[in-house]
Amino acid sequence: MQKISVLLFLAWVCFLFYAGIALFTSGFLLTRLELTNHSTCQEPPGPGSLPWGSQGEPRACWMASRFSRVVLVLIDALRFDFAQPQHSHMPGEPPVSLPFLGKLGSLQRILETQPHHARLYRSQVDPPTTTMQRLKALTTGSLPTFIDAGSNFATHAIVEDNLIKQLTSAGRRVVFMGDDTWKDLFPGAFSQAFFFPSFNVRDLHTVDNGILEHLYPTMDSGEWDVLIAHFLGVDHCGHKHGPNHPEMAKKLSQMDQVIQGLVERVENDTLLVVAGDHGMTMNGDHGGDSELEVSAALFLYSPTALFPSSAPPEEPEVIPQVSLVPTLALLLGLPIPFGNIGEVMAELFSGGEDSQPHSSALAQATALHLNAQQVSRFLHTYSAATQDLQAKELHQLQNLFSKASADYQWFLQSPREAEATLWTVIAELQQFLRGARAMCIESWARFSLVRMVGGAALLAAACFLCLLASQWATSPGFPFRPLLLIPVAWGLAGVIVYAGLLATIGLKLDPVLLGAVAAMSSFPPFLWKAWVGWGSKRPLATLLPFPGSVLLLLLFRLAAFFSDSFVVAEARATPFLLGSFILLLLAQLHWEGQLLPPKLLTVPRLGSSSSACLPRHSGAYALRLGVGLLLCTRLAGLFHRCPEETPACHSSPWLSPLASMVGGRAKNLWYGACVGALVALLAAVRLWLRRYGNLKSPEPPMLFVRWGLPLMALGTAAYWALASGADEAPPRLRALVAGASVVLPRAVAGLAVSGVVLLLWKPVTVLVKAGTGAPRTRTVLTPFSGPPTTQADLNYVVPQIYRHMQEEFRGRLEKTKPEGPLTVAAYQLGSVYSAAMVTALTLLAFPLLLLHAERISLVFLLLFLQSFLLLHLLAAGIPITTPGPFTVPWQAVLAWALMATQTFYSTGHQPVFPAIHWHAAFVGFPEGHGSSTWLPALLVGANTFASHLLFAVGCPLLLLWPFLCESQGQRKRRQPPGNEAEARVRPEEEEEPLMEMRLRDAPHHFNAALLQLGLKYLFVLGIQILACTLAASILRRHLMVWKVFAPKFIFEALGFIVSSVGLLLGIALVMRVDGAVSSWFRQLVLAQQR
Amino acid sequence: MKDNDIKRLLYTHLLCVFSIILSVFIPSFFLENFSILETHLTWLCICSGFVTAVNLVLYFVVKPNASYKRSSLSHKVTRFLKCCIYFLMSCFTFHIIFVLYGAPLIELVLETFLFAVILSTFTTIPCLCLLGPNLKAWLRVFSRNGVTSIWENSLQITTISSFVGAWLGALPIPLDWERPWQVWPISCTLGATFGYVAGLVTSPLWIYWKRKQLTYKSN
């Protein structure tokens, strides 16, 4: 019963973390579904005839084109006030002279001299204000969010309908020059392109000078329809110097000359657009949603009059940035991109210089109507695909649209109507478009600070709870059941109250908020209980139980999450920290005098009791372990993958599958090495099991280890052979090879599953020998052979259970079979838990290994070796306290978590989306999965979080290992002289160190220790994710937030979820073994009775 | 007696600090284009030489462990050779540890090795001077309650602070500040030097501060 409440308690703590993560995610990660539908020329966006009989004209689609050519000059981070004209007509005001003000003089001059030809707008940008997202917005007309849930994470190419795609499919020549981000976004779309590296933020001039070299010659050559020039200097200057720097003035003056030159060159059929993709803060950064970041400049100019009818407004108009997309599309005679939610700038459609007011209004209404039809079609398609949008608002908008559309159609049929009606139609259409956009923004593009803070607070509270409960769990008065029941009851009550409240108000139920409410309402009763039951009696200082070294390293690790450089370099930083930690552990052991026999250190001993710090291992042994660990860590670091390919960093060539290798000899050698690693792994596990004797057991799991595991290894090796040489197979065998590469991985996975099932069915792997005729009526439980040594061991060397059972046997046997002396000997009980764990881990590792590239098998071998060494090293520092309470020290848990992270990197992963191993989805499914998505997601997830899973499942080993190590090193030891009397009393028992049976002997302490271990591991993982959320929310304006921090957070969150599930599974497995051992004992008793 | 000892300790330490400062300034008189960052390896060699020389001179002048019996010349020579071997061993050990910690294996071997040399200079040479080539004594000094004199105590402090400084020096390497001192192993050598200097300065003060609590049993 207690076991179940331990598991439930851990599950509840996990739930607290999940609720926090979900709450934070819903506020931080803006999500949207990417639709791949496209607008086409032939298909109008809605019912009704296209104006102007568009089929006739060559360059007309939904509307006749007004300009045949466009020059789009994109000046990165051109904030609105950089371009704002400086009026000097205020005599009282002192002239403001900031480096960035009034440097674009040509704009001002053109605006004053040619008001009908040019206009400046303040374009309102949607966050996130990072260049890639802005470029997506400027071409698709949509609101890119961080996760555009599209079909492909691996590349950045835009899959949505966009202007560039429309241009190329209409046969226009698009010439691009500038920022090479466009290369990733629109691969192969440009008829001519000059890309320049945008990577180095400190380089102000490479991109700009490169563009200037090509800009005018290209323009003069005339071989273009759309010319895009993306200047980066202003943005880089902002990042490097900030806007208040003389460099900025120089840069803006240079841009001014560019604009001046372009204005002089554009011809009558050409529209010149100068736009900033976003603004910048006072420090020159961008990415967030502050006023300075979201206001960019937009300037339009054409030698033909653009705005004949109206006078320019006093203050530049504020328009949404995405308005440019439908406007440009219709002006160029293209269909509006399918997913556009921008509103056309109606003024630009008012017609030529001599147009009548009536026809001008009609043209505006037509453009707006087309735009509205397109947006309505998009909303309809989008809401059919997902539930993001509010149904009620959507309904209102549809009503608005059908009314405006009906008005418009009615007007077309009776064209003699007054102009005023037309203006109402225009107003209605605009209202619809703005409403639609507002709704989309509401659901797609706003950080919810409240949710972010709430999520982070919930995570922090959960961490605190872990800390508190882990300290409390091993103290005697820990009430398992009430502690669990009360928070759950409160949580349920909170949920019911919240749901009732919502139901009475009539709002929609948000599962994320519901979870958060449940978590928050279940938290205070626990705290109260803790305060009453425990906290008030002890000083709060015991809440900070970390040893100084652990705290220091943990702080370093957490601080690293706040620096983008360190997040990028984590693959190298984690082994460094792990290595430091190992050496620190060694140094500490030495410092405490546990490594060397005290003889060496006797000179000044200040009377410290020498028996207390008896070295349990020789110094050289621990040193060897440490050096071996460092070596393994370093070797695993050779399998390093760069987060992105930069000149300074080269990914290891060993991460690629063997199939990609050319050269038969090297391939064969590598294949041999991989199979060798596999065999070594297998042999190591078998050797270990044999060492502790469990392999001799006739139970089904051990039979499986003997026969099933080699079969799995064989299957894996055969699959590798096929996969790496599939292209070289002779044609006759193609079908066979294809069939085998489907069957083999599935067979290995199936074997692993059956092995796990066998393990769960009969987890007790002991060898029982029964026989009559032994001299004494005794049951000998032999966990291992070898005498216990220390005083402490001897004091508790015979556990109650052991004696109790003996007496029970004796009593019952005497009753039932007075004449038959009987001996039952059970071997390998001492390692029964670890044997099950190790078997389970091996069974788990094989399918995971299959999902990776072949050469990763070496890393898996290293992983097992490394954790083995670490466990031994940690066991050297952990004293066994029988009969309990058992504790796992913090340094063990931290080292384990660090090693999980390190293995994540050394298996060739990086916390960025392009680095995900997509090929894992095709292991066993070479033809793909059809429409199902969960299976490939599962396979890729298992590949990505393999190390998290393995280490989390193996976490209970931290508790078990010190008991296992009891058998070593102590066999040689002689009895301390003082214990002879005791030794004489119990001569038999001394030969049998009880090892893991010590845990069984104190079931309460065992459960408490498992709970504590789980809580500690969850705390270490949880504090990492807390640091990630804090970094992401504090640095949400950082340049790298979408590139580094957000992916890191996502990977860390997913890793946490996988780890917590794995942890629960591991602990459940130990408990299953425990239960099985209990029933085994019971059966033994029953068998004796018969 | 004790205060006198601490005063001597302070003076010797100040001399060591002074030697490091000299190693920064003196070479610029003889060598053109000398600067710590640009001709880092030269400075490493010079600094190592200076510190070794000062340590040796101090050892012969101050004689902190005067309890050694007179011994024959051959004994002295073997002792000296042993010291040299120990020093070399420690250099190689440090080199291996750096590589295990993630230093490049093949590129920058000379840089890594000189870093090992300078760290050995800061840690092994004082140990050799004070304790001789006696591994057991070293292990004793670097364990709890293992020190027997203020000299050993200060040795413990300076050695640990050199290691900590070198470790801290590795931390800024991944940062994208693009400073010339962020290159391997410059930040580490500078860290080790600062750590050593800090240890030299603080250990007499710390010992003075704690002089009431510190009792050395054997002396």
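Ala738(A) lies in helix 24 of chain A, the run that covers residues 734–761. This placement, like everything that follows, refers to a predicted model. The relative accessible area of Ala738(A) is 39%, so the residue counts as partly exposed, since that class takes in values between the 20% limit for buried and the 50% limit for exposed. A second residue of chain A, Cys965(A), gives a sense of distance: 227 residues separate Ala738(A) from Cys965(A) in sequence, and their C-alpha atoms are 47 Å apart in space.

Further along chain A comes helix 27, made up of residues 832–851. Its 20 residues span 30 Å from the first C-alpha to the last, which is close to the 28 Å expected at 1.5 Å a residue. Of these 20 residues, 18 are buried, so helix 27 of chain A is largely enclosed by the rest of the structure.

Thr839(A) is one of the residues found in helix 27 of chain A. Its relative accessibility is 3%, and Thr839(A) therefore counts as buried, the cut-off being under 20%. Leaving aside residues up to four places away in sequence, Thr839(A) touches Leu689(A), Met702(A), Val705(A) and Leu759(A). One of these partners, Leu759(A), falls within residues 734–761, the range of helix 24 that also holds Ala738(A).

Chain B can be taken as a whole. Its secondary structure consists of eight helices and zero strands, and the order along the sequence is α-α-α-α-α-α-α-α. The radius of gyration of chain B is 18 Å, close to the 17 Å that the globule rule gives for 219 residues, so chain B is as compact as a globular protein of that length. Along the principal axes, its C-alpha atoms fill a box of roughly 50 × 40 × 40 Å.

How much of chain B is buried? Buried residues account for 49% of the 219 residues. As for contacts in chain B with a separation of 6 or more, 72% of them join residues 24 or more positions apart.

The surface and the charges of chain B remain. The accessible surface of chain B is about 11,800 Å², and carbon and sulfur atoms contribute 71% of that area. Chain B carries 17 positive and 9 negative side chains.

Note on methods. Residues are numbered from 1 along each chain as its sequence is written. Chains are lettered from A and ligands numbered from 1 in the order in which they are written. This is a predicted model: local features need pLDDT of at least 70, side-chain atom pairs count only at pLDDT 80 or more; totals for chains, interfaces and linings use all residues. Side-chain values use heavy atoms; hydrogens and water are left out. Helices (H or I, at least four residues) and strands (E, at least two) are DSSP runs, numbered from the N terminus. The radius of gyration is taken over C-alpha atoms; the globule rule is 2.2 Å times the number of residues to the power 0.38. Buried means under 20% relative accessible area, exposed over 50%, partly exposed in between (1.4 Å probe, protein chains only). Contact means heavy atoms within 4.5 Å. Accessible areas come from the Shrake-Rupley method with a 1.4 Å probe; for residues, only the protein chains shown count as cover. Lys and Arg count as positive and Asp and Glu as negative; His and the chain ends are not counted. The place of a charge is taken as NZ of Lys, CZ of Arg, CG of Asp or CD of Glu. The expected span of a helix is 1.5 Å times one less than its number of residues.
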